[in-house]
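Here's a quick briefing to read alongside the coordinates.

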Amino acid sequence: RRQRQMCIRDRDFAGTFDMSGLDALSTLDVDGGNFTTADLSNCYEMTHCYFANSTLSSVNFFNCANVTELYLQDNELTEVLNLGDCTSLLFLDILMNNDLEEIDLSGCERIIEHLDFSQTKVSDVNETEMFALCEFSCESSGITELDLRNCNYLNYVKQISAALSTLCACAQRSITTMTGLTFAMSRSLRNILKKRSNTAPL
């Protein structure tokens with residue numbers, strides 16, 4: 001019988017995590033361990049991946065075209081996170097990868113719905129192409145400019161970077177008129193809006 005789901009909780013595991021070519025795997029759940037790299041290339045049936053609370057510095061998602069949800073919180077990712085082959089990706093959480101500077105969402109930026117890169121050094125995600133984005137968070141990240149003018153489905157901005165200094169005028173109009181849009185813990189954004197529009201904050 002081919003393995004469909006895999007769950008690992010043993011924190012004694014270390015080194016390279018190699019599941020490349022495990023084409024029947026649909027769900028991977030790894031919590032803990034001292035892994036340095038993970039090779040999940042050619043796991044093209046995988047739809048859900050949870051790989052968190054490890055020392056992971058790099059991960060290979062080549063030819064993972066069916067993955068829809070990636071949870072990669074609290075690792076030590078440093079290399080460019082290349083998700084260009086994840087053309088079905090809807091949900092990405094890379095919270096608390098403090099040294100991660102760059103992610104490639106070129107294969108899924110137009111369909112992704114949830115994006116959280118808080119507590120990273122990521123400074124650019126090309127959000128103007130994220131037409132399907134619904135939920136967004138970038139607290140304590142490297143992002144300084146935010147343009148949400150094309151995010152017509154955005155209804156929840158959880159947290160934003162305190163370094164944010166520029167908000168596109170079109171984004172301001174969208175934010176102030178979009179029905180149901182909710183900001184939680186977004187004082188810095190409110191201050192920007194207040195300064196730029198001389199109106200009451202959200």
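What follows covers the overall picture, model confidence, strand pairing and cysteines.

This is a predicted model, where local features need pLDDT of at least 70, side-chain atom pairs count only at pLDDT 80 or more, and totals for chains, interfaces and linings use all residues. Numbering runs from 1 along each chain as its sequence is written, and side-chain values use heavy atoms, with hydrogens and water left out.

**Overall picture**
- The protein has two helices and 16 strands; these are DSSP runs, with helices being H or I of at least four residues and strands E of at least two, numbered from the N terminus.
- Of its 202 residues, 44% count as buried (under 20% relative accessible area, with a 1.4 Å probe and protein chains only).
- Take the contacts (heavy atoms within 4.5 Å) with a separation of 6 or more: 13% of them are between residues 24 or more positions apart.

**Confidence**
- Mean pLDDT (the predictor's confidence in each residue, from 0 to 100) is 82, and 78% of the residues reach 70 or more.
- Residues 169-181 have pLDDT below 50, and this stretch has 26 contacts in the model beyond near neighbours in sequence.
- Residues 198-202 are also below 50, with nine contacts beyond near neighbours in sequence.

**Strand pairing**
- Strand β1 (residues 5-8) runs parallel to β3 (residues 27-31), joined by four bridges; two strands pair if DSSP finds at least two bridges between them.
- β3 is also parallel to β5 (residues 48-52), through five bridges.
- You can follow this residue by residue: Q5 has T27 of β3 as bridge partner, and T27 has H48 of β5.
- β2, β4 and β6 form an open three-stranded sheet in the order β2-β4-β6, with parallel pairing.
- β2 (14-18) and β6 (58-60) stand at the edges with a single partner strand each, so one side of each has no neighbour in the sheet.
- The twist in this sheet averages 25° from one strand to the next, using axes fitted to C-alpha atoms and angles from 0 to 180 degrees between N-to-C directions.
- β2 and β4 (residues 34-39) share five bridges, and G15 has F35 of β4 as its bridge partner.

**Cysteines**
- There are zero disulfides (pairs of cysteine sulfur atoms within 2.5 Å).
- C151 is in no disulfide, and the nearest cysteine sulfur, on C134, is 9.5 Å away.
- C151 is buried at 0% relative accessible area, and C138 counts as buried at 1% relative accessibility.

Conventions:
Buried < 20%, exposed > 50% of the residue type's maximum accessible area, 1.4 Å probe, protein only.
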